[in-house]
Amino acid sequence: MNAPVLKRFTVRLHRRGGKTTGRIEVDARCEKHAQRVAIEQTIAVSFPKSKPSQWVVDGVEARV
């Protein structure tokens, strides 16, 4: 069984209705997957009481 090939992405996001903004680097399969991973990691590590719908992705950039 082959493991999926992961790429490095930088995801810029902000919290809806708030002043919280940030940037996170994640390993993911594609841009859409990177968005989901970044939101889930941000919630798990920094904002455990927030919900995924409160976060807006501003941009995704593939890293080399």
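## Thr 10 in strand S1

Thr 10 is buried, with a relative accessible area of 5%. The model is a predicted one, and Thr 10 is placed in strand S1, which covers residues 7-15.

When residues up to four places away in sequence are set aside, Thr 10 touches Arg 23, Ile 24, Glu 25, Gly 59, Val 60, Glu 61 and Arg 63.

Strands of a sheet pair through backbone hydrogen bonds, either parallel or antiparallel. In this model, three strands form an open sheet in the order S2-S1-S3, and their pairing is antiparallel. Strands S2 and S3 (55-62) stand at the edges with a single partner strand each, so one side of each has no neighbour in the sheet. On average, and with direction ignored, neighbouring strands of the sheet are turned by 25° against each other.

S1 pairs with S2 (residues 21-28) in the antiparallel sense over eight bridges. S1 and S2 together form a hairpin, with five residues between the two strands. Within the turn, Gly 17 has a positive phi of about 75°.

In soluble globular proteins, nonpolar side chains tend to be buried together. The largest nonpolar core of this model has 13 residues. Those with the most contacts inside the core are Phe 9, Val 11, Leu 13, Ile 24, Val 26, Ala 34 and Ala 38. At least two residues of the core come from each of S1, S2, H1 and S3, and H1 gives the most, with five residues. Ala 34 shows such contacts in detail: leaving aside neighbours within four places in sequence, Ala 34 is in contact with Phe 9, Val 11, Val 26, Ala 28 and Val 60.

## Salt bridges

Side chains of opposite charge can pair when their charged atoms come close. How many salt bridges does the structure hold? The structure holds four salt bridges, among them those of Arg 8 with Glu 25 and with Asp 27. Arg 8, Glu 25 and Asp 27 are linked in a network of salt bridges.

The side chains of Glu 25 and Arg 8 meet at 3.3 Å, N to O. Because Glu 25 lies in strand S2 and Arg 8 in strand S1, this pair ties together parts that are 17 residues apart in sequence. In the salt bridge between Asp 27 and Arg 8, the closest N and O atoms are 2.8 Å apart. That pair links distant parts of the chain, with Asp 27 in S2 and Arg 8 in S1, 19 residues apart. Arg 8 is partly exposed at a relative accessible area of 36%. Glu 25 is partly exposed, with a value of 40%, and Asp 27 is also partly exposed, with a value of 40%.

Arg 63 counts as partly exposed at 41% relative accessibility, and Glu 61 counts as partly exposed at 38%. Both residues are among the contacts of Thr 10, whereas Thr 10 itself is buried.

## The aromatic pair

A pair of aromatic rings is described by the distance of the centres and the angle of the planes. A search of the whole structure finds one such pair. The partners are Phe 47 and Trp 55, with 5.2 Å from centre to centre and 55° between the planes, and the arrangement is tilted.

Is Trp 55 buried or exposed? Trp 55 counts as buried, at 5% relative accessibility. Phe 47, at 25% relative accessibility, counts as partly exposed, because the cut-off for a buried residue is under 20%.

Notes. Residues are numbered from 1 along each chain as its sequence is written. This is a predicted model: local features need pLDDT of at least 70, side-chain atom pairs count only at pLDDT 80 or more; totals for chains, interfaces and linings use all residues. Side-chain values use heavy atoms; hydrogens and water are left out. Helices (H or I, at least four residues) and strands (E, at least two) are DSSP runs, numbered from the N terminus. Buried means under 20% relative accessible area, exposed over 50%, partly exposed in between (1.4 Å probe, protein chains only). Contact means heavy atoms within 4.5 Å. Rings of Phe, Tyr and Trp (its six-membered ring) pair if their centres lie within 6.5 Å; planes under 30 degrees apart count as stacked, over 60 as edge-to-face and the rest as tilted. Two strands pair if DSSP finds at least two bridges between them. Axes are lines fitted to C-alpha atoms, for helices over the stretch in contact, and angles run from 0 to 180 degrees between N-to-C directions. A nonpolar core is a set of buried Ala, Val, Leu, Ile, Met, Phe, Trp, Tyr and Cys residues joined through side-chain atoms within 4.5 Å.
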